[in-house]
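Here is a friendly walk through a few local features of this model. Please have the structure open as you read.

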Amino acid sequence: HELVLVRSGCGIHVCNGRAVHVSRGCVLYLRENDTHLFDKLENLCLTNVLFIPRELRTSTQSVGLLAEICRSDSARVLLGDLGLARAEALLLEIRNEFLKGDACSSLMIETLFSQLMVVLWRDLQESRNGGRARQCGLMPLIQYVNENFGNEINWSALSARFAIPLRTLNRKMLAHTGLAPNQYLARIRLCHASYLLSHSSAAVTDIAFSCGFNDSNYFSSRFHKAFDMSPMQYRNRYCPSEKIARRQGMLAR
C-alpha cells in the first residue's frame with residue numbers, strides 16, 4: 001500500500017475513476033489494487049511511503065487507523081500547516097532511520113510510522129467533528145468550500161466569516177491550493193462530478209446542477225477541458241458496468 005504526501009504544487013489525482021484536487025497538505029491513501037494517475041500537474045512535489053500492512057509487526061492499531069483514513073469521503077486527508085509540519089518531520093526521521101540501517105532501525109521505523117498514522121487520524125477526526133469549521137483562517141475556509149461547493153459561494157461573505165481580508169484570501173488560496181478561489185471552486189465541482197459520473201447512473205444534466213453548474217453545456221465544456229474527455233466518455237471509461245448495462249438494454253429492445 002502507499003501513502004502520498006503532497007509537499008507543494010498542485011494537480012488532479014484520479015483513483016478508480018474518482019478525481020480529487022491535490023495540493024500542499026493533501027495525504028492520499030492507495031491500496032495495492034487501486035488504479036490511479038496524476039494529471040494537470042503544476043510543480044507537484046510528493047513524498048511516497050510504500051508499506052505492506054500484513055508485515056507490520058507492532059503497529060496493528062495503526063492499520064486500523066489507516067483503514068479509517070481510507071474510508072474518508074475523498075480518500076485523502078487535508079492537513080493544516082501544523083499537521084503538515086509534524087508529518088514532514090516524522091517522514092524525515094523515517095528516512096534517516098532507513099539510511100542508518102542498524103539492528104533497531106526496523107523497529108524504530110515502524111514506531112515512527114505509527115506516530116504518523118496518529119497525526120493523520122487526529123487531523124481527520126478534527127476535520128470531521130467540525131473543529132476547523134469553528135475556527136477562523138484559511139483551512140476552515142477551504143473545508144467549508146469543499147463541503148458546500150454545490151451552493152452559491154460568495155467570496156466576500158466568506159472572507160468576513162473566516163476573518164481573512166479578500167485580497168489576502170486570494171493570495172493565500174493561490175499559495176496553498178495552486179489555484180485562484182474561483183478556479184479552485186470550479187476544480188472541486190468538476191472533481192465531484194467525476195465521482196458521480198463513475199459511481200452513479202445520474203444524468204449528466206442532473207450531475208451538472210448538483211455540482212453547482214447552472215448550464216449543462218458549460219459544464220460539459222469545462223469538464224472536457226479539465227479531463228480531456230467529455231462527461232460521457234469519462235463515464236464509459238471509468239464506469240464499465242453502466243456501459244454494459246446500456247448495451248444490454250439496447251439488445252433487449
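Strand β2 (residues 18-23) is mostly covered, with 5 of its 6 residues buried. Buried here means under 20% relative accessible area, exposed means over 50%, and partly exposed lies in between (1.4 Å probe, protein chains only). Helices (H or I, at least four residues) and strands (E, at least two) are DSSP runs, numbered from the N terminus.

A word on the basis: this is a predicted model, where local features need pLDDT of at least 70 and side-chain atom pairs count only at pLDDT 80 or more, while totals for chains, interfaces and linings use all residues. Residues are numbered from 1 along each chain as its sequence is written, and side-chain values use heavy atoms, with hydrogens and water left out.

What does β2 pair with? Strand β1 (residues 2-15) joins β2 in the antiparallel sense over 6 bridges; two strands pair if DSSP finds at least two bridges between them. C10 has S23 in β2 as its bridge partner. The two strands form a hairpin with 2 residues between them, and N16 in the turn has a positive phi of about 55 degrees.

| Residue | Relative accessibility | Class |
|---|---|---|
| C26 | 1% | buried |
| C104 | 54% | exposed |

A search of the whole structure finds 0 disulfides, a disulfide being a pair of cysteine sulfur atoms within 2.5 Å.

Lastly, S200 sits in the loop between α7 (181-199) and α8 (204-210). Its side chain reaches the backbone oxygen of L196 at 2.5 Å. S200 and C239 are 39 residues apart in sequence and 8.4 Å apart in space, C-alpha to C-alpha.

Definitions and conventions:
A polar contact is a pair of N or O atoms within 3.5 Å; within protein, one must be able to donate a hydrogen and the other to accept it, and residues adjacent in sequence count only if both atoms are side-chain atoms.
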